[in-house]
Every structure is written in structure tokens, then in C-alpha cells.
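Student: I am new to this structure and would like to get to know it. Could we walk through it together?

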Amino acid sequence: QQRVQEVGAIHRLARRLMGPDREHRDSWKEFVRQGLGMRDYEPTRTFQHGEILDFGGISLQAVHTPGHLDDHYCFLEPKENVLLTFDVDLTGFGPFYGNPESDIPLFKESLNRIMDIKPRLAASSHHLPVRENVRNEISSFADKISRNEERVASAITVPRSLEEIRALKPIYGKYIPGQEIIYSFFERNMVQKHLECMQMEGKVQCREGKFSLNALPDSA
């Protein structure tokens with residue numbers, strides 16, 4: 001049976017965001033098309049950090065905020081100090097960094113950049129606008145990265161492989177029925193990124209494919 005050639009923006013995004021596995025890509029494409037109503041598109045121009053985009057009655061300043069993705073941007077309306085945060089979604093789940101190119105340290109830097117703006121109002125793509133204590137809400141959102149690290153650490157009080165940790169679902173806890181393929185992919189990536197950061201910080205070791213916590217040094 002001949003495979004349908006993968007063309008179009010959604011196909012390109014699927015390969016970028018879900019990696020080489022065709023089952024992952026197909027599940028994601030079905031989700032964004034049926035669940036989110038996403039349709040193919042072609043970009044008409046590009047922009048860069050700090051650029052002012054004029055929409056005819058409103059102007060927005062592009063703010064590069066990588067971490068969720070390499071090219072994630074927020075947009076500031078400077079007159080009213082309103083920040084459109086898009087996938088810096090300010091939900092109770094916390095920052096999402098489940099795609100291959102996601103990056104935890106860059107996400108932390110981006111959240112600090114957003115807090116330095118001190119927006120009067122922040123509106124994301126996934127949550128009602130935050131109108132009060134905006135900086136505190138962003139800070140609380142950022143703190144959930146540490147919460148996730150603690151959950152991953154709790155899963156390796158005994159040595160476990162990456163797949164064994166993922167199976168415990170320390171980040172998500174449970175998956176939406178019918179979307180297990182997508183969410184297990186995201187879970188695995190997020191766990192792996194935490195393990196990589198914890199290894200760099202000397203908190204975790206890996207021996208024969210099993211991750212475990214390093215012993216804390218004795219306090220003086």
C-alpha cells in the first residue's frame with residue numbers, strides 16, 4: 001500500500017514537534033485537526049525579537065520567549081501594557097516542554113523576561129486573562145517546573161529506566177482517553193529533559209540505563 005506523501009504546514013509541524021515516529025505524527029495531526037480545528041496555512045512574512053508589528057489599529061511588539069519551542073513569541077501591546085503570552089499558558093498544569101526542541105533552562109529565562117516586563121494584564125491561548133497580581137501568577141507558573149522536578153526525583157528513589165519513570169506518569173498523572181500516544185510522548189520528553197538537567201547539576205546519576213538520585217553531601 002502506497003503511503004500518502006506528507007506535505008503542507010501541518011505535516012511539517014508534526015515532523016518537527018513529534019519526531020520521526022509516524023504513529024506519533026499521525027496521532028498529533030488528528031488531534032489538532034479534529035480537536036483544535038487547525039488547518040494548513042502558509043506564512044506570509046517573518047519577524048524578530050523587538051520588532052513592532054502594525055495591524056492597523058493596534059501595534060504589538062514581538063518578545064522572543066523560547067523554551068516551549070525555539071521560536072515561541074509573546075506579544076506586548078505597549079500602550080495598555082497588555083501581554084499576549086500564547087503557549088506560556090498560565091494554567092495550573094504549568095509550563096509545557098514536551099516537544100523535542102523544548103528547553104527547560106531557556107523556558108526559565110523566558111519567564112524571567114516576561115516578569116521583567118511587569119505586564120498589567122496577561123492573556124494566553126489556554127486560560128482566562130490574568131488581571132490581578134500578574135507577576136505573582138507568572139512566578140507561580142514558573143515554580144511548577146520545580147514541582148515537576150520533585151515529582152521526577154520521587155520516581156527515582158530506586159533506580160529506574162526512562163521508560164519505567166514515564167510509565168509512572170510523574171508529570172501528567174493521567175492521560176486523556178484516546179490521546180495516550182500523544183501524552184506518553186510528551187511525558188517521556190518532559191521526564192527526559194528533567195533528568196538531563198538534574199544530571200548536569202549533579203543530582204542524578206545513570207548506570208546501565210537506570211537513573212537514581214545522588215546522595216546528598218554531608219552538611220558541615
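Tutor: Gladly! This is a predicted model, in which local features need pLDDT of at least 70, side-chain atom pairs count only at pLDDT 80 or more, and totals for chains, interfaces and linings use all residues. Residues are numbered from 1 along each chain as its sequence is written, and side-chain values use heavy atoms, with hydrogens and water left out.

Student: Is lysine 169 buried, partly exposed or exposed?

Tutor: Buried means under 20% relative accessible area, exposed over 50%, and partly exposed in between, using a 1.4 Å probe and protein chains only. Lysine 169 has a relative accessible area of 28%. By those cut-offs, lysine 169 is partly exposed.

Student: Where is lysine 169, and what is its phi?

Tutor: Helices (H or I, at least four residues) and strands (E, at least two) are DSSP runs, numbered from the N terminus. Lysine 169 sits in the loop between helix H5 (162-167) and H6. Its phi is positive, in a residue other than glycine, and is near 55°.

Student: Leucine 90 also interests me. Is leucine 90 buried or exposed?

Tutor: Leucine 90 belongs to the loop between E4 and H3. Its phi is near 60°, a positive value in a residue other than glycine. With a relative accessible area of 8%, leucine 90 is buried.

Student: In what order do the strands of the sheet come?

Tutor: Two strands pair if DSSP finds at least two bridges between them. Here 5 strands form an open sheet with mixed pairing. Its edge strands, each pairing on one side only, are strand E1 (52-54) and strand E5 (121-124). The order is E1-E2-E3-E4-E5.

Student: Which residue in the turn between E1 and E2 has a positive phi?

Tutor: E1 and E2 pair in the antiparallel sense over 3 bridges, and aspartate 54 stands opposite serine 59 in E2. The two strands form a hairpin with 4 residues between them. In that turn, the residue with a positive phi, about 95°, is glycine 56.

Student: How many bridges join E4 to E5?

Tutor: E4 and E5 run parallel. Valine 82 stands opposite leucine 121 in E5. The number of bridges joining E4 to E5 is 4.

Student: How far does helix H3 reach from its first C-alpha to its last?

Tutor: Helix H3 covers residues 104-117, which is 14 residues. The expected span of a helix is 1.5 Å times one less than its number of residues. For H3 the expected value is 20 Å, and the helix comes close to it with a reach of 20 Å.

Student: Why are the buried residues of H3 on the same side of the helix?

Tutor: The buried residues are Ile104, Phe107, Ser110, Leu111, Ile114 and Met115. An α-helix has 3.6 residues a turn, so residues three or four places apart point the same way.

Student: Which elements do the buried residues of H3 pack against?

Tutor: Contact means heavy atoms within 4.5 Å. Both strands and helices are among the partners. They are strand E3 (73-77), strand E4 (82-86), helix H4 (134-154) and helix H6 (180-200).
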